[in-house]
Amino acid sequence: MRQTRSRLLHLAALTTAFTMSVTATLSWAWTGGADRLGIPSYRPPVSALPDLPGPSRLVPVGHRFESGPDRTCRTGARLVPTCGILWGVAPGAHTEAQGLRALTEFERKTGRHQAVFHGYHKGTRQLFPTEQEIRIAREPGRKRILLLNWKPETTTWARIARGDRRTDDFLDRLAAHLRENFRERFFFAIHHEAEDQVRERVGSGYTARDYAAMFRHVVKRLRAKGATNVVTVLVHMAYVPHTTKSWFQHMYPGDEVVDWIGFDTYSYSDPGYGHGDFAELLNRRSASKPGWPGFYNWVRGRHPDKPLMVAEWGVWFSERNPGHMAEFYREVGEQIGRFPGIKAMVHFETPANHKGQDSSVDSTPAALREYRRLGRLPVFQVSVN
């Protein structure tokens, strides 16, 4: 009897040890495995990595995911994901290749389908989405959500708010274009980063309140003309010298016309302003403005029910600190669970912006590898309905 009992205890101990070993190995592999320890491991070439399988069937707990019965993350009301975070890109920005060609190349090198395509429009001549953008949204088996920015640039915000004839005529034609050619829901950002153009002088036509009134007018005009598939996004710069101005809060057009709140923010590779991890990116502060809590904290406190979009983000590459980009992408994956308000992240991909800065995710082999790994995380797998 004693011998039998001893064997049973020995078998139980072996089983427990094996289970703990497997659990530890899986946990280690998920958090980086050999890469974290500097041990080389096999990685297939970029061209050999296929598209990801369908969206993750996981139960969301905040931005953590646990196994569960067929809980595919998908877009719901106002394009807010039922779980997870929409993953997208503005490809080939500031280049002639922007559009379908740039998107195809970006998806090839990053190894996954982009749920959101970001495009830009201005003025009152071109209706949108364009034929190419419609093809991007409707590609068979690879549907995408359009995020389209529009800057009026025809007259002042104040005049548009009062019913500028030229602008109203364009909005009416735009609504008709949407009714006839594109009924899918899409993100519509009206004059993104507008705080950079605020002029708080009486009669300037560009005060913070003028902006809010212009935004309301555009949305209500489109809705009145039947453009019911427009999902509005208020996109800020999240630049501390602007966000801490007394007029900043007056830019808000109102809950009834704002579906999402977005912000554009970038990480800088060189030490100094904007250099830090993902948490710093979302809650950037300034020593000269100690009372500012950071944009993410501010908007969550002021508009807790609005889904948040990082409408433009990226890392400006620097040859002086080439490792920052890869490290930053690792930090996004590690820290995203701390920011449950974020429902979409749209990378801004350009080889050179107006300052010559480069946000290409393949600036180094390590950066591309980490960006690809980031895009594979379950939290970024959302099915577009």
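Visitor: How many nonpolar, polar and charged residues are there in the lining of the second largest cavity?

Guide: In this predicted model, the lining of the second largest cavity divides into seven nonpolar residues, one polar and one charged. The residues concerned are Ala238, Val240, Phe263, Thr265, Leu281, Leu282, Arg284, Trp292 and Phe295, and the elements contributing two or more of them are strand 8 (260–268) and helix 9 (278–282). The space in this cavity comes to about 40 Å³.

Visitor: What is the volume of the largest cavity, and which residues line it?

Guide: The largest cavity has a volume of about 50 Å³, and a search of the whole structure finds two cavities of 30 Å³ or more. Lining the largest cavity are Leu234, His236, Phe248, Gln249, Met251, Tyr252, Ile261, Trp298, Val299 and His303, with strand 7 (230–236) and helix 10 (295–302) as the elements that each give two or more residues. By class, this lining holds seven nonpolar and three polar residues, but no charged ones.

Visitor: Turning to helix packing, at what angle do helix 3 and helix 12 meet?

Guide: An angle from 65 to 115 degrees counts as roughly perpendicular. Helix 3 (residues 100–110) and helix 12 (residues 365–376) pack at about 90°, with their axes 9 Å apart, and the two helices are therefore roughly perpendicular to each other. Helix 3 brings Phe106, Arg108, Lys109 and Thr110 to the contact, while helix 12 brings Leu368, Tyr371 and Arg372; by class, these residues are three nonpolar, one polar and three charged.

Visitor: How should I read the backbone, and where is there a cis peptide bond?

Guide: As a general idea, most residues other than glycine have a negative phi, and most peptide bonds are trans. Here the peptide bond from Phe128 to Pro129 is cis, with omega near 0°, and Pro129 is in the loop between strand 4 (116–122) and helix 4 (131–138).

Visitor: What is the phi of Glu153, and what is that of His191?

Guide: Glu153, which is not a glycine, has a positive phi near 55°, and this residue sits in the loop between strand 5 (145–151) and helix 5 (157–161). His191, likewise not a glycine, has a positive phi of about 45° and lies in the loop between strand 6 (186–190) and helix 7 (208–224).

Visitor: Is Glu153 buried or exposed, and is His191 buried or exposed?

Guide: Exposed means over 50% relative accessible area and buried means under 20%. Glu153 counts as exposed because its relative accessibility is 54%, whereas His191, at 3% relative accessibility, counts as buried.

Technical notes. Residues numbered from 1 in each chain as written. Predicted model: local features only at pLDDT ≥ 70, side-chain atom pairs only at ≥ 80, totals over all residues. Heavy atoms only, no water. Helix = DSSP H or I, 4+ residues; strand = E, 2+ residues; numbered from the N terminus. Buried < 20%, exposed > 50% of the residue type's maximum accessible area, 1.4 Å probe, protein only. Axes fitted to C-alpha atoms, helices over the stretch in contact; angles between N-to-C directions. Parallel < 35°, antiparallel > 145°, perpendicular 65-115°, else oblique. Contact = heavy atoms within 4.5 Å. Nonpolar A, V, L, I, M, F, W, Y, C, P; charged D, E, K, R; others polar. 1 Å grid on protein atoms, 1.4 Å probe; cavity = no way out; pocket = protein on both sides within 12 Å on 5 of 7 lines; lining within 4 Å. Points joined across faces, edges and corners; volume = space filled by probe spheres on them.
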